[in-house]
Amino acid sequence: MGSFSRFSTAVTLACFLSAAAAAATQQATFRSATRIVSLFATVADAQGRLVPNLMQDDFEVFDNDKPQPIVTFDNSLQPITVVVMLDTSGSMTGSIALLKAAAEQFLIRLLPEDKARIGAFNDKLQLSSTFTNNRDELIGEIKNLDFGNGTRLWDALDMSLDAVKGIEGRRVILVFTDGDDMYSKTANFGRVNDRARAEEVMVYAIGLESVFGGQRSRPDGRLRRIADETGGGYFELTKASELASTFTRVAQELHSQYVMGFIPPLLDGKIHKVTLKVKKEAGMTARTRRSYVATADRLSEGQKP
């Protein structure tokens with residue numbers, strides 16, 4: 001082989017290797033930049049019973065009404081980090097023992113990998129110091145909750161969002177109240193709703209109709225909107241005796257959820273509507289968050305298969 005041929009071959013090989021390296025770098029950059037919209041879903045049948053053992057092909061996901069491929073799926077138990085925030089205002093005086101017992105039923109059903117903090121709100125805000133999986137410690141925190149006047153509901157939820165901010169994995173707030181917000185100082189419904197959506201925190205809310213001082217109160221109806229928006233659940237009760245079974249139901253739901261994800265078709269910085277459907281049988285409903293903010297910094301990193 002002549003010197004020119006050897007030179008030409010070497011140049012060709014160098015170009016090929018350079019192009020391959022560039023392509024690999026581009027692919028690695030693409031993979032590292034891929035973002036996943038994560039969905040935690042609860043599925044129930046027509047009778048409200050939880051449905052386990054569905055598979056990825058049983059679900060359909062839509063982004064702004066356009067179908068999207070599901071690229072991640074897991075139906076195994078997922079650990080949770082949860083703030084349990086309880087209304088201990090004056091109107092709860094007659095039902096506080098039932099409320100504390102119900103919250104204990106939730107705590108004793110936490111799994112070893114779950115962690116929780118306990119809080120209360122009235123005209124003051126109270127929150128235990130750290131997340132822990134020590135159930136005895138958590139139950140002790142419940143027994144030490146104080147009473148007060150007023151219902152700083154939105155401030156309490158805002159504090160709960162601060163508590164779970166930056167924590168990896170599935171983050172949940174379980175809030176109980178028997179009335180409307182009163183005397184919140186720094187937060188309102190709009191702020192809490194926007195934060196819960198943008199920060200991808202699931203909110204479960206339990207409301208109780210109560211009578212105190214001859215006045216009947218009902219929980220703030222906007223709690224249902226936050227729960228629906230974030231894929232949590234909303235339960236409105238008329239009897240304090242239903243509290244224990246409802247807190248237990250929340251624990252069951254949180255440990256029976258599916259997690260799946262899709263790649264957003266467009267990172268435009270806007271709020272995108274999310275719809276999740278079950279294909280398998282009529283009568284089944286899937287509950288997950290209803291929207292997400294399509295910006296890279298607010299979505300989890302993932303790799304396209």
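Visitor: Where is the place of Tyr183?
Guide: Tyr183 sits in the loop between strand S8 (170-177) and H5. Helices (H or I, at least four residues) and strands (E, at least two) are DSSP runs, numbered from the N terminus. This is a predicted model, where local features need pLDDT of at least 70, side-chain atom pairs count only at pLDDT 80 or more, and totals for chains, interfaces and linings use all residues. Residues are numbered from 1 along each chain as its sequence is written, and side-chain values use heavy atoms, with hydrogens and water left out.

Visitor: Why is Tyr183 called exposed?
Guide: Its relative accessible area is 56%. Exposed means over 50%, buried means under 20%, and partly exposed is in between (1.4 Å probe, protein chains only). At 56%, Tyr183 is therefore exposed. Its backbone deserves a look too: phi is positive, about 75°, although Tyr183 is not a glycine.

Visitor: What is phi of Asn64, and where is that residue?
Guide: Phi of Asn64 is near 50°, again a positive value in a residue other than glycine. Asn64 lies in the loop between S2 and S3.

Visitor: What makes Asn64 partly exposed?
Guide: Its relative accessibility is 35%.

Visitor: How do you know what confidence the chain has?
Guide: From pLDDT, the predictor's confidence in each residue, from 0 to 100. The chain has a mean of 87, and 86% of its residues reach 70 or more. Residues 2-33 stay under 50. For that stretch, the model has seven contacts (heavy atoms within 4.5 Å) beyond four places in sequence.

Visitor: How many helices and strands are there, and what share of the chain is buried?
Guide: There are seven helices and 17 strands. Of the 305 residues, 47% count as buried. Of the contacts with a separation of 6 or more, 80% are between residues 24 or more positions apart.

Visitor: What makes S3, S2, S14 and S16 an open sheet?
Guide: The order is S3-S2-S14-S16, with antiparallel pairing. Strand S3 (66-68) and strand S16 (291-293) are at the edges with a single partner strand each, so one side of each has no neighbour in the sheet. Neighbouring strands here are turned by 35° against each other on average, direction ignored.

Visitor: How do you know that S14 and S16 pair?
Guide: Two strands pair if DSSP finds at least two bridges between them. Strand S14 (residues 271-278) and S16 have three bridges, in the antiparallel sense. Three meets the limit, so the two strands pair.

Visitor: Why is Asp65 with Lys273 called a salt bridge?
Guide: Side chains of opposite charge can pair when their charged atoms come close. A salt bridge needs a side-chain nitrogen of Lys or Arg within 4 Å of a carboxyl oxygen of Asp or Glu. Asp65 and Lys273 meet at 2.8 Å, N to O, so the pair qualifies. Asp65 lies in the loop between strand S2 (59-63) and S3, and Lys273 in strand S14, so the pair ties together parts that are 208 residues apart in sequence. By area, Asp65 is exposed at 51%, whereas Lys273 is partly exposed at 40%.

Visitor: How many salt bridges does the structure hold?
Guide: It holds 15. One of them joins Asp155 and Arg152, with the closest N and O atoms 3.0 Å apart. Asp155 and Arg152 are both buried.

Visitor: What makes Asp162 and Arg195 a salt bridge?
Guide: Their closest N and O atoms are 2.9 Å apart, which is within the limit, so the pair counts. Asp162 lies in helix H4 (residues 153-164) and Arg195 in helix H5, so the pair ties together parts that are 33 residues apart in sequence. Asp162 is partly exposed at 47%, while Arg195 is buried at 10%. Salt bridges with shared partners join Asp158, Asp162, Arg191, Arg195 and Glu199 into one network.

Visitor: Why is Asn193 called buried?
Guide: Asn193 has a relative accessible area of 10%. That is under the buried limit, so the word applies. Asn193 lies in helix H5 (residues 189-198). Leaving out residues up to four places away in sequence, Asn193 touches Arg225, Ile226 and Glu229.

Note on methods: Axes fitted to C-alpha atoms, helices over the stretch in contact; angles between N-to-C directions.
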